[in-house]
Amino acid sequence: MRDLGSREERILLVEDEEPIRDLVTTALRFTGFTVETAASGPEGLAQARNNSWHLLVLDVNLPGLDGFALTRKLREAGDDVPVIFLTARDDPADLREGFTGGGDDYLTKPFSLEELVLRIEAMLRRGRGRVAERARVTVGDVTLDDDAHRVWRGEREIELSPTEYRLLRYLMRNAGRVLSRAQIIEHVWDYGYAIEPSGVETYISYLRRKLDDRDARLIRTVRGVGYSLREPEPGVMEANR
Ligand code: CA
């Protein structure tokens, strides 16, 4: 028998049609999931980035940013959260476009709530190991826990503002890659929010002050390109000591 109300899985539902949103929310909460909602693409993207989710249920036709584009932005930022698309489209080409990462699924409207719940449970079962893995990222001696929204360097916990946290999370999820200021702005700041490239430098310097003091440098400046977070190399550690 299902143990109602004791689940910890958090689901984000992005759907602009209010009756469907209310119906799905009610059904998922009744099943015991924790559900939050958004009514547009940009709002959904901001919520997807600012919190950790076990699964997203995304309408495809959304105002501002469609469900496929929203998913692509998350995948580009290294987020492989499972996604179930709700689509009125039945064109196979449209559907193929949506399957960007592993573990995506879709339901064509109208769908039964029971089927949606079964698909969600199946996806969560498949992804169970990955969920815990995804919540924690470690690079060098820095650990970021997305469930707890906390960051440590070694034993020391580091307090970060929401923007600093999102910036560090993006750098850590893409560790070893060189990220341009434009990429950082696109993935860290809210969709459509205008920020000067110098704003990125400012936040990088805040992060360095909190993360890099006295220890080996993690965040490198790649001149003329952008920034990269990497495990400190032995030689670099020597130089900083
Ligand atoms: Ca819609």
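**Entry 1: the E7/E8 pair**

I started with strands E7 (residues 142-145) and E8 (residues 150-153), which pair in the antiparallel sense over four bridges. This is a predicted model, so I keep that in mind throughout.

**Entry 2: the whole sheet**

I get an open sheet of four strands in the order E6-E7-E8-E9, with antiparallel pairing. Its edges are strand E6 (136-139) and strand E9 (156-158), each of which pairs on one side only.

Which helix lies across E6, E7 and E8? I found helix H6 (residues 162-173) there, running at about 115 degrees to E7. Helix H8 (residues 197-211) lies across E7, E8 and E9, and I noted an angle of about 160 degrees to E9.

**Entry 3: the calcium ion**

Then I turned to the metal. I list Asp 16 (OD), Asp 59 (OD) and Asn 61 (O) as coordinating the calcium ion, at 2.1 to 2.3 Å. Along the chain, these donors follow the spacing D-x42-D-x1-N. Asp 16 sits in the loop between strand E1 (10-14) and helix H1 (18-31), while Asn 61 is in the loop between strand E3 (55-59) and helix H3 (67-76), so the pair ties together parts that are 45 residues apart in sequence.

Last, I looked up accessibility. Asp 16 has 30% relative accessibility and therefore counts as partly exposed. Asn 61, at 38%, counts as partly exposed too.

How values were computed. Residues numbered from 1 in each chain as written. Predicted model: local features only at pLDDT ≥ 70, side-chain atom pairs only at ≥ 80, totals over all residues. Heavy atoms only, no water. Pairing = 2+ DSSP bridges. Helix = DSSP H or I, 4+ residues; strand = E, 2+ residues; numbered from the N terminus. Contact = heavy atoms within 4.5 Å. Axes fitted to C-alpha atoms, helices over the stretch in contact; angles between N-to-C directions. Donors = N, O, S within 2.8 Å, 3.2 Å for Na, K, Ca; no water. Buried < 20%, exposed > 50% of the residue type's maximum accessible area, 1.4 Å probe, protein only.
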